[in-house]
Amino acid sequence: MSSLVNKLLCENVKNLKPYESARRLFAAGSGETQQTWLNANESPFTNPYNMDDGRFNRYPDCQPSGVINAYAAYSGVTAQNTLVSRGADEGIELLIRAFCTPGEDAVLICPPTYGMYAISAETCDVKVEKAPLKADFSLDVENICTFKDKVKLVFICSPNNPTGTSVPPDQLQAVIEHFSDSALVVVDEAYIEFNWQCTWANKLNQYPNLVILRTLSKAFALAGIRCGFTLAAPEVIQALLKVIAPYPIPEPVAQVARQALESKGISKMLQQVGDLNKQRNTLKEQLASISSVELVGDDKANFILFRCAQKNELMQYLVDNHILIRDQSKQVNLQNCLRITVGTADQNQQLMDLIFSFFKQQESAQ
Ligand SMILES: *Cc1c(COP(=O)(O)O)cnc(C)c1O
């Protein structure tokens, strides 16, 4: 690093490691061979959209009302409860920037969980406190409660990435009530369409410190457009609007999001979620039939977590055969764990054929 950059660079940024997104680890379009991506919890489906270029010469609305109204209706909340942003990831960052003072405040996370809460906090020089999940991946409510007045935001992912577990309502309620006068409890519902009855969106009126994160990246099959939502009390939304960029949602993104949220788009999404849930159960059964594989966590989202002693060799074998899944073994309590995103029936079959043949080779080598 040049000495000038080194002299100028913020201390907290010097030590940062960028988020190892699935796409950064294995960039799209590298090499000629077709790869099968089952590593980023994306949808395997692509859906068609129309584009109207008649307004591309104008700056877009900061909060396009067509998108806001459609998402609020879909979620059963009001437009005043709804913020749209560049993915749920931007929602995470806006919350930290609006509510945490750099160098002073802290957020609480419950690992193993989604990596961006900690990355965003560290980028903003906000401290990250941890209350790890228990061995069965339930919340350690007692430990979480000891952080009262020490954190401004509590991030809880439900269904949780990468464990696939959803937080029981009584646990979540206890946490939200415990922090009612001292912190916002942010429930990340990125996978809620796979477990719809567990949403907390209908409890916003009851709990002014409840914030919900949503995204079009998973069930809606739109990771490429970068569109997410924050649902919260109007006062929280107003605070986030103070720190959001003036034009965060490009016009083409707004057009696609509006179409995805029309009733036709929602039925398509529901049908695809039903299909993926079925596929997931088939994958689970097949994995469970392998004696060297232990299923880990639960199945409330579009992925499966499993443990096997030969995870390095298995990963390499899959990479060599152009299938990518995700190593989760660096997270607490997830030693030797790999995560598979549920794909199409064909992709899953291709994956399982390889996994079966890998373990057959392992057996015959013994
Ligand atoms: C994928 C994911 C997100 C990110 O959503 P984007 O809208 O694509 O930014 C947020 N939270 C969790 C738990 C996720 O798995």
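Is A73 buried or exposed? A73 counts as exposed, because its relative accessibility is 61%. The cut-offs are under 20% relative accessible area for buried, over 50% for exposed, and partly exposed in between, with a 1.4 Å probe and protein chains only. This is a predicted model, in which local features need pLDDT of at least 70, side-chain atom pairs count only at pLDDT 80 or more, and totals for chains, interfaces and linings use all residues. Residues are numbered from 1 along each chain as its sequence is written, and side-chain values use heavy atoms, with hydrogens and water left out.

A73 belongs to helix α4. Helices (H or I, at least four residues) and strands (E, at least two) are DSSP runs, numbered from the N terminus. Helix α4 spans residues 65-75, and its buried residues are V67, I68, A70, Y71, A72, Y74 and S75. Those buried residues pack against β2 (82-85), β7 (210-215), β8 (228-232), α10 (251-260) and α11 (263-288). Contact here means heavy atoms within 4.5 Å. After α4 comes G76, with a positive phi near 70°.

Y71 and Y74 are linked with W196, F220 and F229 into a cluster by ring pairs. Rings of Phe, Tyr and Trp (its six-membered ring) pair if their centres lie within 6.5 Å; planes under 30 degrees apart count as stacked, over 60 as edge-to-face and the rest as tilted.

Strand β8 holds T230. T230 is buried, with a relative accessible area of 0%. Leaving out residues up to four places away in sequence, T230 touches N81, T82, L83, G91, V211, I212, L213, I237 and L240.

Now turn to strand β3, residues 106-109. Both of its faces are covered: A106 and L108 are buried on one side, V107 and I109 on the other. Strand β3 runs parallel to strand β4 (residues 127-130), and 4 bridges join them. Two strands pair if DSSP finds at least two bridges between them. V107 stands opposite V128 in β4.

Helix α6 packs here too. Of its 8 residues, 6 are buried. They are M116, Y117, A118, I119, S120 and A121. The buried residues of α6 pack against α5 (87-99), β3, β4, β5 and β6 (184-188). D125 follows α6, and its phi is positive, near 60°.

Y117 lies in helix α6 (residues 116-123) and F155 in strand β5 (residues 153-157), so the pair ties together parts that are 38 residues apart in sequence. Y117 has 0% relative accessibility and counts as buried. F155 is buried as well, at 2% relative accessible area.

Charges sit over rings at two sites given here: K203 lies over the face of W200, 4.5 Å from the ring centre, and the charged end of R339 sits over the ring of F303, 5.7 Å from its centre. The criterion is NZ of Lys or CZ of Arg within 6 Å of the ring centre and within 35 degrees of the ring normal.

Next comes an open sheet of 4 strands. Its order is β9-β10-β13-β12, and the pairing is antiparallel. The edge strands, β9 (294-296) and β12 (326-327), each pair on one side only. Strand β9 is joined to strand β10 (residues 303-307) by 3 bridges, and the two run antiparallel. L295 has F306 in β10 as its bridge partner.

Helix α11 lies across β9, β10 and β13 (337-341), running at about 10° to β10. Axes are lines fitted to C-alpha atoms, for helices over the stretch in contact, and angles run from 0 to 180 degrees between N-to-C directions. Helix α11 also packs with helix α13 (residues 345-365), at an angle of about 5° and with the axes 11 Å apart. The two helices, α11 and α13, are therefore roughly parallel to each other. Angles under 35 degrees count as roughly parallel, over 145 as roughly antiparallel, 65 to 115 as roughly perpendicular and the rest as oblique.

Finally, return to A73. A73 and L305 are 232 residues apart in sequence, and their C-alpha atoms are 33 Å apart in space.
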